[in-house]
Amino acid sequence: MVPNAHQRLKRSLTLFVLTSFFLVAIGVVAIIGWCLNISALKSVLPVYATMKFNSALCFIISGLSFLLLTKFNNNSFLKKLLWLLLFGFGCFSLTSFSQDIFHYSAGIDQLFVTDHHPVSQNLPFPGRMSPSTSLCFGFLAISFAGITSRRYMFKNIAQYLLHAITLISFISLTGYLFKVPYSLKFSFFSTMALNTGLGFLLVSIVASLINEELGFTGLFTGNGIGNIVARRLFSGMAVILVITGYISIELQRANFITTEFGVIISTTSLLIIGLFLTRDTVKKMNQLESKRADAENETRLLNKNLEKIILERTDDLRLSNERFLTIFNSNPVCIAITDLDTGKYVDVNPALLDMLGYHGDEVIGQTAAGLKVITTDYRQYMIDSLTRQGFIKNEDAVFKAKNDDLKYCLLSAELLEDRDKKYLMSFVYDITERKIIENNLQETKKHLEILADKLIGQNKQLLGFAHIISHNLRAPVSNLNLLVHLYKESDSETEKEELWGNFETVIGHLNGTLDELLETLKIQEDIAKEREKLSFEKTFNAVKETLIGQIKETNAIINADFTKAREIVYPKIYLESIMLNLISNAIKYKSPERTPEINIKSDNINGELLLSVQDNGLGIDMARHSKNLFGLRQTFHRHSEAKGVGLFITKTQIETMGGEISAESVVDKGTIFKIRFNRNENGVTS
C-alpha cells in the first residue's frame with residue numbers, strides 16, 4: 001500500500017533529522033579522538049586513513065546546516081544562520097582543495113590541532129583533508145545552497161553535485177572493500193577516510209530526496225512500472241557486480257586465476273546475472289500487466305454498475321427535485337435560497353414575493369440588504385449566528401416590503417452545501433397581523449394597568465382623607481359642642497364673652513383645616529391640568545429668585561445639575577410648587593451648626609425622569625416618623641413656621657401626575673428627597 005502524502009512527508013523529515021544527527025555524531029566522535037589521541041575514534045580501523053580534524057569540523061557544520069535546511073527553513077534568523085554556515089564550510093573546504101591544485105599552503109591544515117601522524121609518501125601535508133574530501137564538502141555546500149532555490153536550473157545543478165558526491169564516496173568505499181591500498185595512488189579517491197566516505201554517501205543520497213523528481217533519484221523513488229523495474233535491475237546489478245568483482249580480485253591475489261581470466265569471469269557473470277535479472281523483471285512486468293488487465297476488467301464492470309446506479313439515482317433525483325419544486329412553490333411559508341458569500345438571492349418562492357410585493361426578476365441576483373428588505377448589520381448577525389450554532393430557529397425579524405411596509409416575521413434558517421458552495425436557506429412566516437393584535441393587546445393592557453394604578457392611588461387618597469377628616473375634624477367639632485353646652489349653662493356674661501372668643505378660635509382652626517382639605521381635593525381633581533415642556537433650570541431659577549431673601553439670610557449654598565435631564569412635560573404650577581416646598585423646607589430646617597448646602601440633581605434612567613433634593617440640615621428620625629412623613633399637619637421639628645402642610649401637598653401633586661416621592665434621612669446629617677416623575681406615563685424628554 002502506497003503511503004499518503006502526509007505519511008511520506010513525516011517519514012522524510014524523520015530521515016533528514018536522523019541524517020543530520022549522524023553527520024554531527026561522526027564529526028564529534030572524530031574530534032574527541034583527536035583531542036584525546038584515540039586512533040579508534042579517528043578512523044574505523046587503525047590501518048585505515050583517519051578523518052582529519054578539519055573534516056570532522058566540516059561534518060558537524062554540514063549536519064547542522066542540513067538540519068536547518070530541512071527542519072527550520074521558515075525562520076528568517078535561522079535562514080541567515082544557514083547561509084552563514086554554508087558560506088563558512090564551503091569556503092574552508094574549497095580553500096583546502098585549492099592547496100592541492102595550486103601546491104601552496106594556506107595555513108589551515110593544522111589550524112586547530114597538530115597532526116602527529118607519520119607523514120607518508122602520499123600524505124606529505126599533516127592535518128590536510130584529502131582532495132576528494134575537500135571537493136565533496138565544497139560540492140555539498142553548493143548543493144545545500146541551491147537545493148531549495150526557486151529556479152529549476154539551480155535545483156538541477158545541486159542535484160547533480162549530490163550525485164557526484166555519491167559517486168566519489170562510492171568509489172572510495174569500493175576501494176576499501178576491494179582492499180586497494182592508497183599507497184598505490186588509486187587516483188585521489190583512496191585517501192578519503194572510511195567514516196568520511198560513509199558520511200558523504202549517506203548525506204548525498206538523503207539530500208537528493210528533497211528534489212526526488214530531479215536527476216537520477218527520480219528513477220528509483222516513483223511508484224510507476226519503470227521505477228519498479230529500475231529499482232530491481234539497478235539494486236540487483238550493483239550487488240552482483242560488487243560481489244563478482246570482489247571474488248575476482250581475491251582469486252587474482254591468491255594467484256588462482258590470471259587477470260585476463262578474471263575479466264572473462266566478471267563479463268560472463270555479468271551476462272548471466274543480467275539474464276536472470278531480465279527474466280525476473282519480465283515476470284514482474286507480466287504480473288503487473290495481468291493485474292492491470294484484471295483491474296481494467298473490474299473497472300469496466302464497476303463502470304457498468306455505476307452507470308446503472310447513476311441512472312437510478314438520476315431518476316430518483318429528478319423525482320425528488322420535482323417534489324421539492326412542488327413543495328417550494330406551493331408552500332404558504334416564505335422560502336428563500338441565497339448565496340452565503342455574496343448574499344444574492346438564488347431562488348425565492350411565490351409566497352415570499354407576495355409578502356414583499358416584488359416580481360421574481362426584481363429579486364433574483366439581488367441582495368436583501370440591497371433591496372432594503374433587511375439591513376446589512378442584521379444579515380451579518382444571521383451569518384454569525386449560523387456560524388456559531390449552525391442554524392436559526394423561530395427568531396423574531398422585521399422585513400421591509402417594496403412599498404416600505406414593515407412585515408413582522410418568524411425566521412428560521414439553515415446552511416446548505418452543494419459542490420463546495422455554501423447557501424443559506426431561509427424560512428419566513430409572516431406574523432404581521434398577529435403582531436398588530438399583540439401590540440394592541442399590550443397597549444390596552446398598559447392603559448388598564450395605568451388606570452388600575454390611578455384607581456388604587458385614588459382609593460388610598462380617599463382612605464387618607466377619611467382618616468384626616470375623622471381625626472382632624474373630630475376635635476374641633478367636639479370642642480364646639482362642648483363650648484355650646486358651656487355657653488348655654490353659663491349665667492355669667494363675662495364667662496359667655498370668654499366662651500364666645502373661644503368659639504372664634506375653634507372655628508378659625510376648623511376653617512383652616514377645611515381650606516387645606518379643599519386645596520388637596522382640588523389638586524386631585526385637576527389631574528388633566530394642562531402640561532407643557534418645562535426647563536428644570538429655568539424653573540429652578542424662578543424658585544431661587546422667590547427664596548432669595550431666605551437664601552441670603554442663611555447664606556445657603558444651592559448647587560443644581562440638570563445636565564442628564566434638562567426638560568420635562570409637566571404642569572408648570574406643580575413643578576414650581578414641588579421645588580419651592582422642598583428647597584424652602586431644606587432652608588427652614590437647617591442645622592444651626594453649619595451653613596446650609598442644598599444639592600438638586602435631575603436624571604434620566606431608561607426614559608424615566610428623576611429629581612433629587614439633598615440637604616445637610618437637621619434630618620428626620622425615620623424610625624419614628626417614616627409612616628407619617630407626608631401626612632397632613634405632621635411636623636417633626638419645633639419651628640415657628642412648621643405647619644405640616646408642604647410635604648403633604650407636594651406628595652399629592654406628584655402622585656396625582658402619576659409619580660411618587662420617597663425620602664432618606666439621618667438625624668443631624670441631612671435629608672434627601674427622591675422624586676420619580678410620570679412613573680406610569682410617557683411624555684418626558686431629556
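## Charged residues in a predicted model

Glu498 lies in helix H16, which covers residues 493-525, where helices (H or I, at least four residues) and strands (E, at least two) are DSSP runs numbered from the N terminus. The model is a predicted one, in which local features need pLDDT of at least 70 and side-chain atom pairs count only at pLDDT 80 or more, while totals for chains, interfaces and linings use all residues. Residues are numbered from 1 along each chain as its sequence is written, and side-chain values use heavy atoms, with hydrogens and water left out.

With a relative accessible area of 55%, Glu498 is exposed; here buried means under 20% relative accessible area, exposed over 50%, and partly exposed in between (1.4 Å probe, protein chains only). Glu498 gathers with Glu489, Asp491 and Glu495 in a patch of negative charge on the surface. Such patches are made of residues with over 30% relative accessible area and no salt bridge, like charges being joined within 9 Å and nonpolar side chains (Val, Leu, Ile, Met, Phe, Trp, Tyr) within 5 Å.

The wider setting is as follows. The secondary structure of the protein comes to 21 helices and twelve strands, and 37% of its 686 residues count as buried. The protein exposes about 41,200 Å², of which carbon and sulfur atoms supply 59%; accessible areas come from the Shrake-Rupley method with a 1.4 Å probe, and for residues only the protein chains shown count as cover. Among the contacts (heavy atoms within 4.5 Å) with a separation of 6 or more, 62% are between residues 24 or more positions apart.

Side chains of opposite charge can pair when their charged atoms come close. The structure holds nine salt bridges, each being a side-chain nitrogen of Lys or Arg within 4 Å of a carboxyl oxygen of Asp or Glu. One of them joins the side chains of Glu362 and Lys402, at 2.8 Å from N to O. Because Glu362 lies in helix H12 (residues 360-363) and Lys402 in the loop between strand E3 (391-400) and strand E4 (406-418), this pair ties together parts that are 40 residues apart in sequence. Glu362 is partly exposed at 27% relative accessible area, and Lys402 is partly exposed at 42%.

Another salt bridge brings together the side chains of Asp668 and Arg594, 3.6 Å from N to O. This pair links distant parts of the chain, 74 residues apart, with Asp668 in the loop between strand E11 (660-666) and strand E12 (670-676) and Arg594 in the loop between H19 and strand E9 (597-605). Asp668 has a relative accessible area of 36% and is partly exposed, and Arg594, at 28%, is also partly exposed.

Glu660 forms a salt bridge with Arg676, whose closest N and O atoms are 2.8 Å apart. Glu660 lies in strand E11 and Arg676 in strand E12, so the pair ties together parts that are 16 residues apart in sequence. Glu608, Glu660 and Arg676 are linked in a network of salt bridges.

Helix H19 (residues 572-588) holds Glu576, which is partly exposed with a relative accessible area of 28%. Not counting residues up to four places away in sequence, Glu576 touches Thr539 and Val543. Glu576 and Ala542 are 34 residues apart in sequence, yet 8.0 Å apart in space from C-alpha to C-alpha.

Terms used: Lys and Arg count as positive and Asp and Glu as negative; His and the chain ends are not counted. The place of a charge is taken as NZ of Lys, CZ of Arg, CG of Asp or CD of Glu.
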